[in-house]
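This briefing gives a short tour of one structure. Please look at the sequence and the 3D view before reading the points below.

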Amino acid sequence: MNPSNILGVDVGGTFTDLLLFDAETKAFRTAKVPSQRGDESAGFMQGIAAVSAGREIGSIVHGTTVGTNSLLERRGHKVGVITTRGFRDVLEMRRRDRRRTWGLWGDFTPIVDRDLRMEVNERTLADGTIRCEVDEAEVRAAATALRERGAEALAVIFINTYANPANEQKALAAARSVWHNEFVSASHQVLPEIREFERSSTTALNSYLQPGVSSYLARLEQALGTLPFEGQFYIVQSNGGVMSTATARRFPVRTALSGPAAGVIAAAAIARQAGYDNAITCDLGGTSFDVSVIANGRASLAAQATIDFGLVIRTPMIEITTIGAGGGSIASVDRGGLLQVGPESAGSVPGPACYGQGNERPTLTDAHVVLGRINAERPIGGKLARLDVEAAKRAILTHAGRPLGIDVLEAAEAIVRVADARMAGAIRLVSIERGHDPTKFVGVPFGGGGALHVSAIVKEIGLQMALVPRFPGVTSALGCVIADLRHDQVQTLNLSLDGLDIEALDRRMVAVGEEVRAVVNAAGAMVSQIDLSFEFDMHYVGQTHTVAVQVPVTLQGGTTGISSAAIRTAFETVYAASFSRLLSGLPVRIVSLRVAATGRRPELDLSVFAPGPEASVEKARLGTRPVRIDGAWCETQIWSRLDLPVGAIVEAPAILEQPDATIYIEPGLRGRVDRLGNLIVERVPQ
Amino acid sequence: MVSKITNLSIGQGHKMRLETPGGGGFGDPLTRHPERVARDVRLGYVTQASARNDYGVVVDEDGAIDALATAGLRSGAGR
């Protein structure tokens, strides 16, 4: 085993991407294999076989969509909930939000049916006092009943347990004594934070995912056991940090956005090293288009996310906006006669019509093939020898051309235009509509198909430029390789800043700090240092919403050195920045404490990916082929992207091909290879 | 509509209990599909007694529908 050898594995809905990187020799290998839906571990192992025999690998870091898909497709396991008498319907009432404003019928189905939610007598007050002790025999009876009704995981969710978990701990032990498996958890473990619905929802969803994610990880570990692999195995979390598989089993809900988060982390690093601190990352895969904003070099983290209507997960997550438009998205004409692309997708099986595997409806990829933008003789992914252009044409003509009364080429161009518009809309949503000026951002398109739309993204949004990473198809796998280790913990405190017992607060901060640091430490020894960050959720007395206030302290010699004055200054700075004023005279409260431990990994110098001295413009020139541009065939220069040297300039129109992606440069733009081997797509200088 | 009670002041140690009805229904309860009524009983939204008296659906202790008794109730009762 070679500890400096890290393997990143990103299992997406369509492809599994791998990157094996040796931090010492700077050698790397990449691979792309089709994902196997339902048996993701098979694709995972095939991918590993493609890059290594296993012995040399020091650690494997995995970005997974198993949790995401279970949530979106409601394929989690049957959960039983034991809760405080009177609180059976918290999961159902939510925050009185509705999916649709009008109509007589609600259509929300909670992930736990009502007959699997049972109440027991107990009461913990908001100040932590136990008004009514829990009766363990009653809990055992409820757990037994839930088990008999078929529940495969159990969640104990009592109210106010963030203030005092004693009743919940007792109930947890009682439930465990009669439960048939390891999947029993309590809300104070998953999220000891105020607000009943968010804590209930996060805890229930954690249980919902636990059996599936655990058995998936067990299958992977078993399969890895057949290799001569002796290293560590990690999972990427929704916050872009990495955790051990032991933590992933306890908190599977933290994997909800694992795969997409890895891509954002990598795209941020690529943009930063290329000299751009403001970027919009655009991941176009087979089924979806995921957009995220990097401002001042940092990915934006949201405190919670709604995975689907009513499915709220409260844990720090990278903010990602997803629309159902990918290479496999199906084009159709709706009842109103309008052309639509997505959200239905043909995935990788059966895949686009040009794959010839049984799908006869046109996809975005089929349109690119018909327009000559994707090379039918050299499809990405490596499974097929060639693509069936005639099948793609048939599909487009039947399902888009004829219904719209246009020919196959016009229909193909229309499909691409609709997809471009949908992608532009998603980017507008995260940039212009949130007050960011797009001219100050660079687009970073990646994933198998992002680079085909790079020109449209630059032109339609008015971005400064776009930067296509050297290996766009394995960006998420690169994110796995470079992501830091991270563990977050929240604890609701409910303290008044006036008359604060600062020593007691310091003791709590030290305790939580040491706890999270221990989790990162236990994950293994591949970090250079562990940083602790302390943040308070604070507000003025009487307010509901809080602001996140980072306090500039660290844990050293058994104390954080926190002071009331430092907290007040930090709060007032953040509050004034958010609301342009202070409410002087009103008492200030600390609602919750958030601690994050980050195990820093050595920064990977991306210049290792840059083209070597053997690259040359002559070598990169592959000849020409007709490409359909603005309604006419145009003989277009084709380039071998990876053979272009640093500094090379590519005039439009041009197609750049590489094993994991195709880049299309429209007239009016040009391509330029930067010192890291990224392709900068920019407007032609006047 | 005017509230029945407003500005009710309660002192320390007093308890107040507020009970609200469920939302209004739409359509004739006797035409709701018996399977749906049985599901409402299983999930605890409707009691066994209410299923019989209001919806004309006879559900036994195990949640199974007594089709014969239900048909009898729905053809004659409550009209």
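The model is predicted. Chain B has 3 helices and 0 strands, and 20% of its 79 residues count as buried.

**Chain B: fold and dimensions**
- Along the sequence, the elements of chain B run in the pattern α-α-α.
- The radius of gyration of chain B is 18 Å, whereas a compact globule of 79 residues would have one near 12 Å.
- Taken along the principal axes, a box of roughly 55 × 30 × 15 Å holds the C-alpha atoms of chain B.
- Counting contacts in chain B between residues at least 6 apart in sequence, 35% join residues at least 24 apart.

**Nonpolar cores**
- The largest nonpolar core contains 70 residues, and those with the most contacts inside it are Leu478(A), Phe534(A), Phe536(A), Met538(A), Ile567(A) and Ile590(A).
- Helix 9 of chain A, residues 258–274, gives the most to this core, with 9 residues.
- A second, separate core has 63 residues, including Ile60(A), Trp179(A), Met243(A) and Ile307(A).

**Around Met538(A)**
- Setting aside neighbours within four places in sequence, Met538(A) is in contact with several residues, among them Leu497(A), Phe571(A), Val588(A) and Val591(A).
- Ile567(A) and Ile590(A) are also in contact with Met538(A).

Methods. Residues numbered from 1 in each chain as written. Chains lettered and ligands numbered in written order. Predicted model: local features only at pLDDT ≥ 70, side-chain atom pairs only at ≥ 80, totals over all residues. Heavy atoms only, no water. Helix = DSSP H or I, 4+ residues; strand = E, 2+ residues; numbered from the N terminus. Rg over C-alpha atoms; globule rule 2.2 N^0.38 Å. Buried < 20%, exposed > 50% of the residue type's maximum accessible area, 1.4 Å probe, protein only. Contact = heavy atoms within 4.5 Å. Core = buried A, V, L, I, M, F, W, Y, C linked by side-chain atoms within 4.5 Å.
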